[in-house]
Structures are given as structure tokens and as C-alpha cells.
Amino acid sequence: MSVVDQVREASAPSSGTRRRTVGSGVDQVSLGWTIAATAGVVVASIYFLAPVVWLAIASTKSGSQLFTTPGFALADWNLWTNLENLSAYDGGIFWRWAMNSVIYSVVGSILTTLVCAVTGYALAVYRFRGRKVLIAVVLASMLVPTTVLAQPTYVLLVNLGLNNTYWGVLLPTLTYPFGVLLAWIFAQDAVPLELVEAARLDGAGEVRIFATLGLRLMSSGLVTILLFAFLGSWNNYMLPLLVLTDAELMPLTVGLTGWNQASITIPSLQILTVVGSLLSIVPIAIVFLTLQRFWRSGLTAGGLRG
Amino acid sequence: MSTMPTGRTVQASRERDRPAPSDQAPALPRRRRVGGGGAAPYLFVLPFVVLFVVFMVAPIVIAIVNSTFSSQSSGLGFGGASTVFVGVQNYLRAFGDRDFLASFGRVLLYGVVQVPLMMVIAATLALLFDSALVRAKRAFQFAVFLPYAVPGVIAALLWGFFYQPSVSPLVQGLQSLGIDADLLAPGTILWSVANVGIWSYAGINMIILFSALQAVPSEVFEAARLDGAGDLRIALSIKLPMIAPAVLLTTLSTVIGTLQLFNEPQVLQSITPNISSDWTPNMAVYAASTLGRDAHLGSAMAVILGVVTLAVSLLLVRATNVREGGNGR
């Protein structure tokens, strides 16, 4: 299975200890190169930051000043009014969407992580019939394009009577083969079989060993899965768009794009879409950037192992 | 999970250096290798297996079965529609649909430009961050990575404001310079969508390549440096080839993501008439299933898209295998 080799190949190009780059070879570096490199990085940073900065500035403007004042210049401070209008619009539907997004993401990512953790743990700790088949299936399914599944999944959910329900959006997101693969790798690293055996000799049951020992030992790896699952649910768009017809159940992505569409005929919605977009970015940015250490270590780990 | 196009493959790289599970076993009592834990492992994998069968296997089967049927309304349209087996007729309709075929051409053109451009940007930034040339790396990396924390749909909304002449600081800025840019015109819209993709995903690809670069042992290029090779030379002829597997993998997942293109154009559709409802293959699937009210045709299109995506992925994997084999591994 060549895909497996590819996956294994990924980032660790060769063995060797991790290298420190800071300061290495500074003396050989010419001033011209430093200036050119810094300029390049500054330009790139401006490109990547500008839309977000614009969004923050635009959120403080009134609906009419959004169109009449220069984009990156502050105008009258209207943020609080905008927030009030946002909260009042359509009986506070925005906060309903925000709550839905939180429910989909928090419940979804926790359940996903648990499913992945228990499966990966089983693959690492036990030798059972069908194990190899399961591993092959997990690896192969990573090549299945997920958005292509959206339409038939929708058909399936209609048949199950789960369309237009919370479960209809939640359940499909729980199937996360890559998470299983990660959990398996983490479990191999973190759960010593001797420890499992010792717990068994102490009379602990298999479920208890997993719940008290396995989960704890795997916890740092599971944070990575949790974060990616959280981001995946928070960004989920095509499936909820297909599955949900009831505005009360929609996540922020579907709700806000709906507003954006409607703002062609209802201009006052434009500024609300702007403020709503800003609010939808803030929590995920904070979560991702504060937990950077965790998922970054997950990414670097391939190289660290050396 | 198209928003995390590449993270998955690289994370999986830890697998590479670890001994296969069976290699660890000799240290353990023999009986544990076979079936230790009784029914527990089956109980443990059950939730995933059930979910997998219901939400991955079943949809694929449903799509294939559905694509061979068609609902035909009975005469006056009152008696409700009946579903009849039509064989490959839906596929013939899909292949006969010029717009559907054109959508594949569109994502091909998009991919040919956007994928290399983004990889060059990501690799250049990764090499710069890996070099000693740039100070305040953390702050700059934060800036480059921030868009990854912005949901793809919101990123499209955001850039949508930058493309609409009435609010766009970009269009207004260009106008003040005397340039009359229409970023939503038929000829430019493809690149405006591509820009959203680059903005969203260059950061995560940069991080992955940067992680791979950090793992290149310094001895490898210290020798070259002693021989008088410059930083640029070292970056291009030593560092880049050494992270080739990571580059190929990020490219692979970006290509897969491109074929699935949906969120960004679907959102931008509301601000321009130049994005049709079947602008990309995935949008055509969506449009046929919802607007066209023909889920059967939609299923056939989904199957076609799935097969094309799978074929392209396998071709890429094969091509990279061949190339690496050629390097005498």
C-alpha cells in the first residue's frame, strides 16, 4: 500500500538530532540578504493580516460609514450599537447560531476524540482478529474525499429521519479516520504495555484501564485531535447547509452566509455580517493560538523523533 | 475536513520511525499478543466501526445505487413520483452536461495556478523562517498562520468585502492610483477565488514545511557551508530536496482540496453573477441535489467527482513514488 509509505514518509526526512536555527550562521549572513528577507516576510504578514485588521476596523463603523469612509481608517465609534443591533436582529438569532456552533464543535470534538482515543488505544494495546483490516481501512479512507460524501450523507440522513436535527449534523462529523490514526500513533508512544499488564494483575478491568490509565497517558496527543476536530466542526459548512432547513439549528457559518446573501435586499444586514464575522473568528483564534504549543508539538513530533 | 488539508499526513509521519506493533511484542508475555483482553478490543473499536459503516460506507453505497435510479413523475404530476431503474442514464446526462464538464476544466485551471503558487509562497516563507535571516520569527509566523483560524466560509465573506467596489479598500486604493480593477469580472473571478484559498491555507502549509525543515540535521548543510555554499544555495539544493516528501504530501492534499472546491465560490456567488451555481464540480453536485431537485443526477455527479479525485490522488502518489524510486532509494 503505497499510500501508507507516503504517510510514513511525511516530514522526517532523515535521522539526526533536532537542530537549533536561532543564531546559527548569523556571522555569514550579509546585511543585504537580511533586509531582503525581512522585507519579504513583512509584505507577507501584511497580506495575511490585512483582511482581519480591516474586519476589526469595519466592525466599529456604522452601516452607512462602512461605505463612505476609507477602509482602513477609523470612523465614528459604533461598535456597541452594532453589537446591540446584532443581538436584537430577528430575536437574537445570531447568538442562537453562536450557541449552535459551540454545541456542534464542543460536543462534536469531545465525542470524536473519545471515539478516536478508544479505537487507537485498542489498535495499539490489543492484537485481535480484524485489526489489520481495520488499520488498512482507516488508512485507505483518508483518501476518500469528505465533501463528496456530503450529498449521499444527506440522502442517508433523510432516510433515517435525521435531517434538520442536531444529530444530523453531529453524527457524521464523529467519523474521523485521521483522528484514529493519530490516536493509534499516540497510544503506541504513550501507553507502555507493561503498565497495562501491571494494572491487569492488580485486578483492573479493561475498560477501567483505558479510562484511568490510557486516557491520561494519551492526553497530550488527544489535545491535538480535539483541536483539529473542533476546527473541523466550527468550519463545517456544506453538510449543515444541506441538512438544516430550520434557522434555529444553524451554525454560524450557514447563518452568516445567509445574511450575506440577504444583505443584497436588506442593506442593514451588511454591517451585521461584518460584526458577526469578527465575533465568529475571535473564539477560534484565541483557542488555537493559546493552545499553539500542543498542536505544534504534534506537527513537529514527526521531526523530533528523528 | 477540507480546512485541514495537510496536517493529517505530516502528523502521521511519526509512524515512520516507530517499530511495527508486532516488533514490540517480544518483550511481552506471549499470550498477550494474541487476543489479550478478551472481548474488550471489539467493544472498544465498535463505536468507530459503526460510525464508519453508517457514515462512510453507506453513503458511498447509497450514492452508487441512487445514481442508477431516476424519479419520474406520473403524467399529471399528482400521483407522486415513482422511482425507476435507469442504469447509466444519469451518468450519460452528467457527461452530456457541458457546464458540469466545464466545471472540471475550471478547477483544473485553478489548481494548475493556485497549487504551485501557494506551495512556492509556503516553502519560501518556511525557508526564510528556518534561516537566520529573519528576526521576531514568532510574531511573523503568527501573522502568516492567523488565517488558518478563520473558517473558510468567513474568509470568503471577508475577501468578498475586499472584492466589492462599494466597500473594498483594495479596489478604492487601486482607483486612487488610477487603476480600474474589477476583481469580480468573468476573467478575474477565478483568481479572486484562488486568492482566498492561498490566504487561508498557505499558513498551515508553511508550518508543516517549517516543521520538516527543523528536523533536517544541521551537519548536512554545515559541511556545505564550510565548502563555501551560500544560504540561497543551501536552501535550494540541500534543504528543499530533503523536505521533498513533506512538499509532495502538502501538494497532494492541496490538489485533493482543489477538486472539492465548494465553500469559497459558494459564498462569493452571492456577490457576483460570474459564479454560476455549477461553477465547480462540487457546486454542481449541490445544485443538482437542491436547486435542480434531482438527487439522482446529483449522486451520479458525486460518484464521478469521487472517482476522479481518487484517480488523481493515486496518480500523484504513484508519480511521487516513481520519482523517489528514481533517486535510488
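Predicted model: local features only at pLDDT ≥ 70, side-chain atom pairs only at ≥ 80, totals over all residues.

1. Residues are numbered from 1 along each chain as its sequence is written, chains are lettered from A and ligands numbered from 1 in the order in which they are written, and side-chain values use heavy atoms, with hydrogens and water left out.

2. Chain A comes to 15 helices and 0 strands, where helices (H or I, at least four residues) and strands (E, at least two) are DSSP runs numbered from the N terminus. Of its 306 residues, 57% are buried, meaning under 20% relative accessible area, with exposed set at over 50% and partly exposed in between (1.4 Å probe, protein chains only). Among contacts (heavy atoms within 4.5 Å) between residues at least 6 apart in sequence, 74% join residues at least 24 apart in chain A.

3. Two loop residues of chain A deserve a look at their backbone. Most residues other than glycine have a negative phi. A:Asp90, in the loop between helix H4 (79–88) and helix H5 (93–125), has a positive phi near 50°, and it counts as exposed because its relative accessibility is 56%. A:Asn164, in the loop between helix H7 (146–160) and helix H8 (166–173) of chain A, has a positive phi near 60°, and at 24% relative accessibility A:Asn164 counts as partly exposed.

4. In chain B, B:Thr251 belongs to helix H14 (residues 244–259), and its side chain reaches the backbone oxygen of B:Val247 at 2.6 Å. Once neighbours within four places in sequence are left aside, B:Thr251 is in contact with B:Val115 and B:Met119.

5. A nonpolar surface patch of about 550 Å² is formed by B:Leu108, B:Leu109, B:Val112, B:Val113, B:Leu117 and B:Trp191. Helix H7 (residues 98–130) of chain B supplies the largest share of this patch, 5 residues. B:Leu109 lies in that helix, H7 of chain B, and counts as partly exposed because its relative accessibility is 45%.

Methods
Polar contact = N/O pair within 3.5 Å; in protein donor to acceptor, adjacent residues only side chain to side chain. Patch = residues over 30% accessible without salt bridge, like charges linked within 9 Å, V, L, I, M, F, W, Y side chains within 5 Å. Areas by Shrake-Rupley, 256 points an atom, 1.4 Å probe, with all protein chains shown as cover. Salt bridge = Lys/Arg side-chain N within 4 Å of Asp/Glu carboxyl O.
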